[in-house]
Amino acid sequence: MKVSVSPLFQVCFLLTLFSCKTPYTPAVIASNPGYLVVEGVINSGNDSTTLKLSRTVSLDSTQINSPESGARVIVESSKNDQYNLAETIAGTYVIVNLNLPKDRNYRLHIFTSSNKEYISDYVPNLITPPIDSVYSVPLNAGVQFYVSTHDNTDNARYYRWDYNETWTYLIDPKESSSWVYENGQILPRTMSNLISNVCYVYGGPPSNSIFVAGSHLAQGAISKAPLGYVAASTGKLAQVYSLSVKQYALTPGAYTFWNLLKTNTEQLGTIFDAQPSSSVSNIHAVSNPGELVIGYFSVSTVATKRIFLSGRTLPLAVETPPVYPLECPSKYISVQPDSTFQYRLQQTFGSGDTVIIGAVTVYHTTIILGYTYAPLNCLDCQTSGGTNIAPPYWPPL
């Protein structure tokens with residue numbers, strides 16, 4: 001489970017801690033104090049947990065982030081259980097299928113490669129209730145998504161959500177490709193090298209979007225909490241669009257942290273907005289309690305819900321921006337003269353920018369006279385950044 005807020009943590013916290021709304025660059029920012037940044041939530045269920053550790057960089061630096069690699073990352077329980085996370089790529093630590101017991105509290109313990117030690121407060125293992133509904137409402141020239149939930153046990157009062165999205169787009173070629181040029185030969189296409197005019201794209205919310213809510217109603221009920229907005233002009237809604245929402249129960253302290261972060265990053269900009277506030281973290285440097293650590297340690301199960309939306313059912317215009325050339329005239333390469341055919345094949349198809357459409361034969365025979373072809377981006381939707389492999393959860397188109 002991943003929380004994609006790296007740019008937020010790296011920049012916005014430093015801004016809110018050390019700046020006012022008059023533009024200037026404090027020396028403390030330029031000096032790059034290298035605060036530890038901890039991102040992620042411990043998934044106490046049977047899904048995977050991903051934590052990211054990094055260091056802040058100065059605002060005037062060309063470095064995007066500074067991963068904290070080579071650390072020992074341990075989840076410890078109040079009954080002395082220990083769960084070690086393994087580093088997969090620099091600064092990313094993973095563990096799967098924790099299935100943590102519910103009758104104990106947990107903390108995070110970090111030992112960096114530079115012999116610095118960090119430890120969090122103990123927090124409870126929260127059980128996140130199911131999501132009641134995720135739904136969309138047409139709004140202006142797009143769609144606004146909402147989520148509703150409640151907790152039958154009356155334990156959950158505060159929630160956070162994030163989401164991933166998937167959508168399809170089409171190109172509309174007049175032809176399809178049944179042949180491929182490989183290793184100097186023209187061969188029939190197989191399942192391993194098929195090209196398609198239907199592609200899938202994966203995305204998520206903007207990195208500065210934080211979705212949190214608290215409830216004082218019975219059973220911690222939340223109704224119509226806003227999630228993301230998708231404009232029709234993006235092209236995401238033109239075919240089939242899917243939203244997969246993850247819900248996390250929060251402690252009051254975690255809610256304060258996320259709500260403060262939301263205020264600092266989304267609701268500032270004029271003299272009438274809330275003023276920047278300091279961070280509230282439950283993670284501490286053992287040898288230097290005054291050292292700032294950015295992040296908040298939480299443990300909970302995760303509730304998920306996926307919905308699908310067909311753009312054809314929306315009462316608004318959802319035309320897809322062109323993702324292929326407006327004109328794709330096909331061309332022809334003749335087998336004759338045979339003496340130069342291999343050279344012409346290499347010149348035409350060797351770069352991979354063009355694709356064979358089909359063979360032209362003598363009428364009622366299998367004698368091939370030549371081949372028609374067109375630019376690859378006229379036939380293959382993958383040239384626009386998507387993949388033609390449907391995700392396993394996708395309904396038949």
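This is a predicted model: local features need pLDDT of at least 70, side-chain atom pairs count only at pLDDT 80 or more; totals for chains, interfaces and linings use all residues.
By exposed I mean over 50% relative accessible area, and by buried, under 20%.

H4 runs over residues 341-349. Its buried residues are Phe341, Arg344, Leu345, Thr348 and Phe349. They sit on the same side of H4, because the arc they cover around the axis is only 105 degrees. In general, an α-helix has 3.6 residues a turn, so residues three or four places apart point the same way. The face turned away from the buried side of H4 carries Tyr343 and Gln347, which are exposed. What covers the buried residues? The cover includes strands E14 (179-182), E15 (185-188), E24 (331-334), E25 (354-361) and E26 (368-375).

Next, serine 177. This residue lies in the loop between E13 and E14. Is serine 177 buried or exposed? It counts as buried, because its relative accessibility is 11% and the cut-off is under 20%. The serine 177 side chain has a polar contact with the side chain of arginine 189, at 2.8 Å. That serine side chain also reaches the backbone oxygen of isoleucine 356, at 2.6 Å. Leaving out residues up to four places away in sequence, serine 177 touches Arg189, Ile195, Val355, Ile356, Ile357 and Leu379.

Now the nonpolar cores. The largest has 33 residues, and those touching the most other members are Val134, Phe145, Trp161, Leu227, Tyr241, Leu243 and Val245. Strands that each supply at least two residues of this core include E11 (131-139), E12 (142-149), E13 (158-170), E18 (222-231) and E19 (240-250). Which strand gives the largest share? That is E13, with five residues.

Last, a sheet. E11, E12 and E18 form an open sheet of three strands, in the order E11-E12-E18, with antiparallel pairing. E11 and E18 are the edge strands, each pairing on one side only. Direction ignored, neighbouring strands here are turned by 25 degrees against each other on average. How many bridges join E11 and E12? Eight, in the antiparallel sense. As for individual positions, proline 138 stands opposite valine 143 in E12.

Conventions: Residues are numbered from 1 along each chain as its sequence is written. Side-chain values use heavy atoms; hydrogens and water are left out. A nonpolar core is a set of buried Ala, Val, Leu, Ile, Met, Phe, Trp, Tyr and Cys residues joined through side-chain atoms within 4.5 Å. Buried means under 20% relative accessible area, exposed over 50%, partly exposed in between (1.4 Å probe, protein chains only). Helices (H or I, at least four residues) and strands (E, at least two) are DSSP runs, numbered from the N terminus. A polar contact is a pair of N or O atoms within 3.5 Å; within protein, one must be able to donate a hydrogen and the other to accept it, and residues adjacent in sequence count only if both atoms are side-chain atoms. Contact means heavy atoms within 4.5 Å. The arc is that of the directions from the helix axis to the C-beta atoms. Two strands pair if DSSP finds at least two bridges between them. Axes are lines fitted to C-alpha atoms, for helices over the stretch in contact, and angles run from 0 to 180 degrees between N-to-C directions.
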